[in-house]
Amino acid sequence: MRPSRGCKRRATECFQFLLLFICVLSNHMKSRRVIVLLIYVRSTELVAFISTMPSAADVVRAMDEISDTVCSVVDSAELCRHTHPDREYVEEANKASLRINEYLHYLNTDHSLYDAVKKAEREGNSLTEEAQRAAHNLRVDFEKGGIHLCEEKLDRVNQLNIEIAQLCRQFGENIINDPGYVDVFPTSRIPKQLRHLCKPIYQSSSRESTALSKSGYHMKERGFRISTEPSALSSVLQCTADEEVRRMAYIKGNSVPHGNLHVLDRLIAARHELARITGYRTYADFVVKQNMASSPKVVASFLLEMSEIVKDKADEEFEAIWRVKREKCSPTAHLEPWDEAYYTALMKSSAFNLDSSVVASYFPLPQCIEGLKILVKSLFGAKCCNIPMAPGESWHPDVLKMSLHHPEEGDLGILYLDLYSREGKYPGCAHFAIKGGRRISDNEYQLPVVALVCNFSGSPNSSIARLNHWEVETLFHEFGHALHSLLSRTDYQHFSGTRVVLDLAETPSNLFEYYACDFRVLKTFAKHYSTGEMIPEKLVESMQAARKMFAATELQRQIFYASIDQTLFGEEAASPRDTSLVVADLKRQFTSWKHVEGTHWQARFSHLLNYGAGYYSYLYAKCFAATIWKKVCQDDPLSSATGTALRTNFLRHGGAKEASVLLNDLVGGGILKKRDGGIVPDIASLCEEMNVVCDVKLTEGKICGLLDQSKLLSASIHPSIRDVGSPP
């Protein structure tokens, strides 16, 4: 049913506001208004054109252009609200993020657009393979938006979508606004290498003399206030010998923001209701149906299979950590969740003679950026060239702008780098697609534009960050996303770069983490910040060995994260569930670590927003990347032949081909297998890499038994169950 004219007029006013935001970085209101007018007029023209039922190819092309117009607002707003230092800009971006959803819901309820897309899908024989996929995906998207429902249900779907967007925004804002902190006295309890993260504070000394107190003079004891935002918390847990400081930081960091517990409850309920109204059993079904996995049952069997395979080695690692703590402290010492990062770092350092500050000395951030440029040149024959920004284009002085240029193909895309941490900025690391690539005509291509956002801190006594090896891996991970966007050449922006099925999206980023660990790559750019000495091969070998030392524990943690995500958005319990108890029970089921009562780590598990019911994708990607590295890249990771294979068979296609076809084309088989109507990764390469046995195959009966047991456990969660801890 068509919306009323009043609804359409309200949506029009909304869209005018949103389009204004596209030019929010411009200092000239006149130029903003011109661009607003042009974009709005073009969008209106396209909607009217599609309503006339043109050819199938023209429908798909016009729908993609509408999507491109809307995405230019959505993606610009997302980048701005996560990175801009000016609160006024952030507020405008927040308004844009909410109001664009209202306009999207207007478009998603336009039956003339839906009818045209259905007609285009029926006439698929006249379309290219990519256009056929686009028509099919557009029709599915319309129906997931409820357009095929009665008016009452459709209105409720629209309300839920707006509510979900608001809840996601609130969840993210709470994480930024309430990072938590701990106060530590005296200052000697904080290692010197962490003091640049601290704020000095003072308190009246308990040792002050009565005479001094009576005379009006008070001794002040100096201490430090440490934020427990994720990166700072990680540093404290890894580097602080004082167990009480680690305990305080862990508990605080895993207990904020408390307000997100209620937000998460509402988000779970809203998503579940949305799924049921639109014809899905659960929100997990709603998300997974279009992915390679195809059903939560396939995901659950994959997670349980991985858990069984990694369990013995993870238990061995747990016992080894506990043994070291008993040796360092006392024979009766208990191993606590806040001990993991500290003792694993200690054990790696001892086993491989590693000093984190020495490792970081070879990775000053400017050199790491040069490393990305060298990588692109070696693999793809392209250059990353620094280019100046126009007045008002940059949102912060730290931001760099680069063009990716190929000598034969010309410019391939634009990349912004915003890599340093600052107050009020999105606290994690992420890739933002600002504009997708698409073919405008036979001779013209709209270039992709992306931003790579990280939060690296300046080193002590230097404004230039020197990265630890984990941060180098993170930089290469996000650059893998950026290359996926920049190197794709799809006809439609709907499939540009990372716009693929969710359980394929993390594969390129995981693959490029391998490049951050290979000496043949590192020796091209990793040089000592002071002497210019190339990183020693023996040091890299030690780093590689240390990286694998607790690989089973880390993989087990990722399985746990994915199980939380699947459970929270899976079957609805008979009565509302306490998410903290769910997390506690799953921790007991999937790990050896105990839970700290009163903590609720899920309150800042931000992947529940954009990756809701899809976090398992990281594990799929880990398996796929291990196979690709072994079969395609390992022999000669920097060769042009390797780069050609990656680009031609995988990266350039974005989501324009079936994910399984892309993977098989790249590797030639042995990378995935079918299960219960879906697809799971072949885990042999990852198991070989981790030195775990993967020929202990679970029979169908055992998998089903484990699945039934898992359902029973999830349904019977109660306060008396001993929980196993929330990781930092």
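Q: What share of the contacts in the chain with a separation of 6 or more comes from residues 24 or more positions apart?
A: This is a predicted model, where local features need pLDDT of at least 70, side-chain atom pairs count only at pLDDT 80 or more, and totals for chains, interfaces and linings use all residues. Residues are numbered from 1 along each chain as its sequence is written, and side-chain values use heavy atoms, without hydrogens and water. A contact means heavy atoms within 4.5 Å. Residues 24 or more positions apart account for 74%.

Q: What percentage of the residues in the chain is buried?
A: Buried means under 20% relative accessible area, exposed over 50%, and partly exposed in between (1.4 Å probe, protein chains only). The chain has 728 residues, and the buried part is 56%.

Q: Is C429 buried or partly exposed?
A: The relative accessibility of C429 is 26%. Buried needs under 20%. C429 therefore counts as partly exposed.

Q: How many disulfides does a search of the whole structure find?
A: A disulfide is a pair of cysteine sulfur atoms within 2.5 Å. For C429, the nearest cysteine sulfur is that of C454, 3.8 Å away, and C429 is in no disulfide. Over the whole structure, the search finds zero.

Q: Which residues of α25 make the contact with α13?
A: The axes of α13 (residues 296-328) and α25 (residues 617-633) come within 11 Å and cross at roughly 60 degrees. From α13, the contact uses V298, F302, L303 and M306. From α25, the residues are L619, Y620 and C623.

Terms used: Axes are lines fitted to C-alpha atoms, for helices over the stretch in contact, and angles run from 0 to 180 degrees between N-to-C directions. Helices (H or I, at least four residues) and strands (E, at least two) are DSSP runs, numbered from the N terminus.
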